Amino acid sequence: MEVIEVAAGIIAHEGRYLIARRKAGVHLGGFWEFPGGKREAGETLEECLRRELWEELNIRIGTPTPFQIVRHEYPEKVVELHFFWCRIETGTAVALDCAEVRWVYPNEMAAFEFPQADQPVIAALREKKVSFR
Ligand SMILES: Nc1nc2c([nH]c(=O)n2[C@@H]2O[C@H](COP(=O)(O)OP(=O)(O)OP(=O)(O)O)[C@@H](O)[C@H]2O)c(=O)[nH]1
Ligand SMILES: [Mg+2]
């Protein structure tokens with residue numbers, strides 16, 4: 001099966017992270033996620049991340065730092081998620097192309113339903129295995 005490359009942002013601010021709720025009717029609709037999307041032909045993952053965060057949240061970010069790569073096989077598709085640590089440089093996040101956005105602490109994330117593929121990242125944030133600040 002073809003592997004779909006995705007870039008997603010771990011957007012940090014004062015110990016909390018920005019999470020977005022997927023719209024109803026799409027793959028994993030209604031789930032919470034780290035905002036991002038599919039890489040388009042000719043784009044680098046960083047370019048993809050910047051475009052997606054602009055389209056979905058109306059924000060510009062500073063230089064993103066690679067965080068974790070997770071390959072996950074859903075029954076209907078295989079995704080390779082490239083998570084990047086980043087910070088907002090300009091703008092305020094608004095739910096332009098997602099259902100809702102929230103800023104949450106890692107220990108609050110268990111109360112939100114995330115895709116299975118995101119669990120390693122959530123665990124890493126919660127265990128503070130994070131060297132960036
Ligand atoms: N953005 C994002 N996608 C995730 C996460 N976890 C996860 O399994 N995915 C999956 O990775 C794929 C990313 O697709 P997406 O729906 O964000 O792509 P996109 O923004 O380009 O949307 P589009 O296809 O409507 O243009 C989806 O199948 C989604 O279910 C996550 O934390 N963030
Ligand atoms: Mg998306």
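Hi everyone, let's start with one residue, Ile10. Setting aside neighbours within four places in sequence, Ile10 is in contact with Tyr17, Phe34, Phe67, Phe83, Phe84, Trp85, Cys86, Val121 and Leu125. Please keep in mind that this is a predicted model. On confidence, the chain has an average pLDDT of 95, and 96% of the residues reach at least 70. For the complex, the predictor reports an ipTM of 0.95 and a pTM of 0.94.

Back to Ile10, then. Which residues touch the most other members of the largest nonpolar core? They are Ile10, Phe34, Phe83 and Leu125, in a core of 25 residues. At least two residues of this core come from each of strand 1 (3–13), strand 2 (16–21), strand 6 (65–73), strand 7 (78–86) and helix 2 (119–126). Strand 1 gives the largest share, with five residues. There is also a second, separate core of 15 residues, and Leu45, Cys48, Leu49 and Cys86 are among them. As general background, nonpolar side chains tend to be buried together in soluble globular proteins.

Now for the ligand. Ligand 1 is surrounded by 19 residues, and the closest are His27, Phe34, Lys38, Tyr74 and Asp118.

Where do oxygen atoms of ligand 1 meet polar atoms of the protein? One lies 2.7 Å from an N or O atom in the His27 side chain. At Gly36, a polar backbone atom is 3.1 Å from an oxygen of the ligand. For Glu52, the distance from a ligand oxygen to a side-chain N or O atom is 3.1 Å. Taken alone, ligand 1 exposes 640 Å², and the protein buries 80% of that.

Methods. Residues are numbered from 1 along each chain as its sequence is written. Chains are lettered from A and ligands numbered from 1 in the order in which they are written. Side-chain values use heavy atoms; hydrogens and water are left out. A nonpolar core is a set of buried Ala, Val, Leu, Ile, Met, Phe, Trp, Tyr and Cys residues joined through side-chain atoms within 4.5 Å. Buried means under 20% relative accessible area, exposed over 50%, partly exposed in between (1.4 Å probe, protein chains only). Helices (H or I, at least four residues) and strands (E, at least two) are DSSP runs, numbered from the N terminus. Contact means heavy atoms within 4.5 Å. pLDDT is the predictor's confidence in each residue, from 0 to 100. A residue is near a molecule or strand if one of its heavy atoms lies within 4 Å of it. A polar contact is a pair of N or O atoms within 3.5 Å; within protein, one must be able to donate a hydrogen and the other to accept it, and residues adjacent in sequence count only if both atoms are side-chain atoms. Accessible areas come from the Shrake-Rupley method with a 1.4 Å probe; for residues, only the protein chains shown count as cover.
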